[in-house]
Amino acid sequence: MAGTEPVSAAVNRRRFLLVSGATAAAGVAGTSAGALLPRQREYPAVEPAARTVAQPPPRSAPRAAPYALTTLETTARLGGSAHAGTYRRMVSGPGWPLVVRKELATPGAGRQGRRTPLACFVQFTDLHLADVQNPLRTEFLRSRGASSWRAQEALTVAGAVALVEQVNALGGGPNTRLRPAFVMTTGDNVDNNSAIELEWFLTVMSGGRITPNTGDPRAYEGAQNSGLPLYWHPGDPHLRDLDKRRGLPLIPGFLAAATRPITSPGLRIPWYSTVGNHDDLPGGCMSPALNDFAVGSRKLLSVSAADAAAYAKALGSGDDPKSKVLKAILTRNAASARTVTADERRRLCTPHDYLAAHLDPAHAGAGPVGHGYTQDNLDGDRMYYSFKVAENVLGISIDTTYRSGHYEGSLGSDQLRWLERTLAAHSSRSYDADGRLVRNTGADDAHILVFSHHHSPSMTRRPDAARTDEPRHDGAEVIALLSRFPNVVAWINGHSHVNRITPHAHATPARSFWEVNTASHVDYPHHARLIELTDNGDGTVSLFTTLVESAAPHRTARDFDDLSAVGLASLYREVAYNAPGLAESMKGGVQEGWAGGAGDRNAELVVRGGPATA
């Protein structure tokens, strides 16, 4: 159920990955008449309660594209029975129906015939493109539990390319018939804050050839051929490692295939970028002072129980002792670390580096140059901006990261004031902090969508050592600010790796808005969202949130012998769905703690209509 915290062992694993360092865990775009497709069949809506499932047509009469390209038509599921130690294969399951969410406004009868399409776009989040051979990664934490390392991480690039291919294949949105105008990535685009991962990400999105390998160009040098039984060794028939004991298969040639060149077609539509903690910090929570280890030649894969416990304890701290603790562990254990090929391309990226790379015309792709960031952003190392989503629809991308080192998020006072000014400039009516109505006749009214990496529960008010003179503001303060502006429709974000949609209700109904939190594309369930906005012609608007999987087939090769780019992308999903403790917790092939309940997936989110009803 939306708004409730999952308590399963699987979600506990998710939280550990989110805080466990390096192993933790988008020109102006608009819509146009030319983007319309032939009229599609509407879902017959039945609305007896706060949430309503709109039933699709009978499965004996399957819908044509674009429906087959979304989870309205079919979803990836695990087949077989849930038994510990059994690797379960993927199958295609039934689609998820559209659920009408009306906690914030009553859906008007007949609105389907009155709707005016306003916007259509796609959200990517938490791709976590990972250089798995990076010496700064902390795989050794797996000694504290099997779930603290991802067996599928070597395939992140192949999985992201398949997601780009799926977006390129999308036709019109199932509710507006508008073609997606752009993609917005809501952060954690990379995993280790390294220059090479950033290059991979920009190439995946904008198109080109990628070699997902670092160090020795002729050989893999990481955990998965280390000889340590702590990790899955897919190509070693003799080592009975931890993951083979729990059912993961022997796949000869896996590592060679995972590190060979792959070509991304690039998105055929513009894309925008929002920064996340893994984009800004090594491992998403450590200090940039660790650069020498990242580009060095010693990779630590095993430590004592005491060292692992010390680092795990430091991860939850508010300051940055975790980087000091990790530096001490890496230094103390250097003699027992694996010797790898040093690679300067693993250098850590500063915010300036990150912005400059986005602004490089070589990565412009389908546009815009900078992907939301401009020279003004680069001059001040500011990673927030606004942009035109569509006619009378404004997007605002904010930077919620702690630059000194922490996985949680916040906003600084300067950015919070900028956000308030931007909201006011597009709101002819708003409310001050005391609840008094404010009129601004000079405002350029627009529906407003806010994008960030962190979701509201993960935003805290802890000091940021990198910006000591600036107070920080938490999720509750952001919610309070957004609720002062009735033009705000939704706050769209990631970070949690969980699908969850939360209504932020206000006593003045027009001041309510939705928070749309989308799961990652590195962990189960590997989702992106197709988002559509409509004016219902009755004082309400609807935001439709349809989940999208990658283009990779659900079924993998029977004998695991398809190591093509497509085969690897399918395998990426299947291994992720077989994460420790996850497969056993699924019911009907679905783990609702991560995939969310029915109302957190394919939903129509109804809210009072912004400019016309403020």
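1. Helices (H or I, at least four residues) and strands (E, at least two) are DSSP runs, numbered from the N terminus. Helix α2, residues 111-114, contains Arg-111. This is a predicted model, in which local features need pLDDT of at least 70, side-chain atom pairs count only at pLDDT 80 or more, and totals for chains, interfaces and linings use all residues. Residues are numbered from 1 along each chain as its sequence is written, and side-chain values use heavy atoms, with hydrogens and water left out.

2. Arg-111 has a relative accessibility of 1% and therefore counts as buried. Buried means under 20% relative accessible area, exposed over 50%, and partly exposed in between (1.4 Å probe, protein chains only). The side chain of Arg-111 makes a polar contact of 2.9 Å with the side chain of Glu-604. A polar atom of the Arg-111 side chain also lies 3.2 Å from the backbone oxygen of Gly-108. A polar contact is a pair of N or O atoms within 3.5 Å; within protein, one must be able to donate a hydrogen and the other to accept it, and residues adjacent in sequence count only if both atoms are side-chain atoms.

3. Glu-153 sits in the loop between β5 (116-124) and α3 (156-169). Its relative accessibility is 2%, so Glu-153 counts as buried. The side chain of Glu-153 is joined to that of Arg-137 by a polar contact of 2.5 Å, and to that of Arg-150 by one of 3.0 Å.

4. Helix α9 (residues 305-315) and helix α10 (residues 321-332) have axes that come within 8 Å and cross at roughly 160°. Axes are lines fitted to C-alpha atoms, for helices over the stretch in contact, and angles run from 0 to 180 degrees between N-to-C directions. The two helices, α9 and α10, are therefore roughly antiparallel (the term for angles over 145 degrees; those under 35 count as roughly parallel, 65 to 115 as roughly perpendicular and the rest as oblique). From α9, the contact (heavy atoms within 4.5 Å) involves Asp-307, Ala-310, Tyr-311, Ala-314 and Leu-315, and from α10 it involves Lys-322, Val-325, Leu-326, Ile-329 and Arg-332.

5. The axes of helix α4 (residues 195-206) and helix α11 (residues 351-359) come within 11 Å, crossing at roughly 30°. That angle makes α4 roughly parallel to α11. The residues in contact are Leu-198, Phe-201 and Leu-202 of α4, with Asp-353, Tyr-354, Ala-357 and His-358 of α11.

6. Two cis peptide bonds deserve a check. One joins Gly-367 and Pro-368, with omega about -15°; Pro-368 is in the loop between α11 and α12 (375-380). Another joins Tyr-524 and Pro-525, with omega about 10°, and Pro-525 is in the loop between β23 (513-517) and β24 (528-535).

7. The loop between β21 (488-493) and β22 (500-504) holds His-497, which counts as buried at 0% relative accessibility.

8. Thr-86 lies in the loop between β2 (74-78) and β3 (90-94). Thr-86 has a relative accessible area of 36% and is partly exposed. Leaving aside residues up to four places away in sequence, Thr-86 touches Arg-246 and Asn-578.
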